Amino acid sequence: MENLAQLSKQHTLNQQEITQFIEYLINPSIDNDKKVEALLQFTKKDIQQQELTYVVNSLIQIMYPQQPTYEGSICVCGTGGDRSNSFNISTTVAFIVASAGIPVIKHGNKSITSNSGSTDLLQELDIAKTNVSEVPFQVQEKGLAFISATQSYPIMKYIQPLRKMISTPTIFNLVGPLINPFKLSYQVMGVYDPTKLKMVAETLRDLGRRRAIVVHGANGMDEASLSGDNEIYEITENGTIEHYYLNATDYGLKYADNNELQGGTPKDNRTITLNILSGHDKTCKRDVVVLNSALAFYVSGKVETIKAGIKLAEDLIDSGCAMKQCLVMEGN
């Protein structure tokens, strides 16, 4: 690769160079050992925020030269990698947010670092993933679409083996939630690495999100948790980025250790999700879903405050609307 020498010299790549770098990594005719060398060189350098934007743009443009838009849509997801083995919080949140009439286009994958990824849970729930071309019809009819990352970005099959050959995190640990095939209006994104929060927030702004929240959960989770201060970077309507901390106990929710949020197999997590949506679960598992739903309601403008978002989430569960949303999706 021509710019390997530039990588070793801490050269900051421009958009064209990043695109060449990505094309090199996904070229099936190039030996994986050479690709790993290139990815390692890139990983060792001090990666700049603009380079993250360039990587995301390159991946999107390679697959979707005319990226589709769904006005008013939101995605709620995290990077994974927090090793908390929590149940499928963001997938459960998606049902609640959609039940409020907010178009949800959730991008997810099979589990890499836990026992059950979002697509594993959906399979247990008998909910099919939606092809990208069918998403607008699905969202119009059902209010919610789940997109499989492996289906929407088949080129990633050339990058996944490289990641497995490298023991340390690479830039691709961040890109999954950023490469939703659709131009979203809003996003709530959890990040397991607090040092990357501002970088991710600036990239979401570069991608044109109207409003967004990037959160690192207390005690290391990639979603807002109940165990202390959650660090947040919020992209506002006018494009500024605000930095603050949010503690669930300030909003009337009880403290809970992250260990209390652990899930299990996809079948176990199906039971947890259905118990929350049906209103049978009144534990901290419900509370953490309520909290993360509130962030989505707030950032999408459905409510003016996070406190109001918490009440809305609780009402949607207790009224049966959240469970109805799940039932509408079954067998789809």
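Guide: A cavity is a set of points where a 1.4 Å probe fits but cannot get out, and its lining residues have an atom within 4 Å of a point. The model discussed here is predicted.

Visitor: Which residues line the second largest cavity?

Guide: K106, H107, G108, S118, T119, L122, K129, F146, I147 and S148 line the second largest cavity. Two or more of these residues come from each of β2 (104–108), α6 (118–124) and β3 (144–148). The volume of this cavity is about 30 Å³.

Visitor: What makes up its lining by class?

Guide: The lining of the second largest cavity has 3 nonpolar, 5 polar and 2 charged residues.

Visitor: Why is K196 called partly exposed?

Guide: Buried requires under 20% relative accessible area and exposed requires over 50%. K196 has a relative accessible area of 27%, so this residue falls in between and is partly exposed.

Visitor: Where is K196 found, and with which residues is K196 in contact, leaving aside neighbours within four places in sequence?

Guide: K196 is found in the loop between β4 (186–190) and α11 (197–206). With those neighbours left aside, K196 is in contact with L174 and V191. Both K196 and L174 are among the residues that lie nearest the centre of the second largest pocket, which holds about 230 Å³ of space.

Conventions:
Residues numbered from 1 in each chain as written. Predicted model: local features only at pLDDT ≥ 70, side-chain atom pairs only at ≥ 80, totals over all residues. Heavy atoms only, no water. 1 Å grid on protein atoms, 1.4 Å probe; cavity = no way out; pocket = protein on both sides within 12 Å on 5 of 7 lines; lining within 4 Å. Points joined across faces, edges and corners; volume = space filled by probe spheres on them. Buried < 20%, exposed > 50% of the residue type's maximum accessible area, 1.4 Å probe, protein only. Contact = heavy atoms within 4.5 Å. Nonpolar A, V, L, I, M, F, W, Y, C, P; charged D, E, K, R; others polar.
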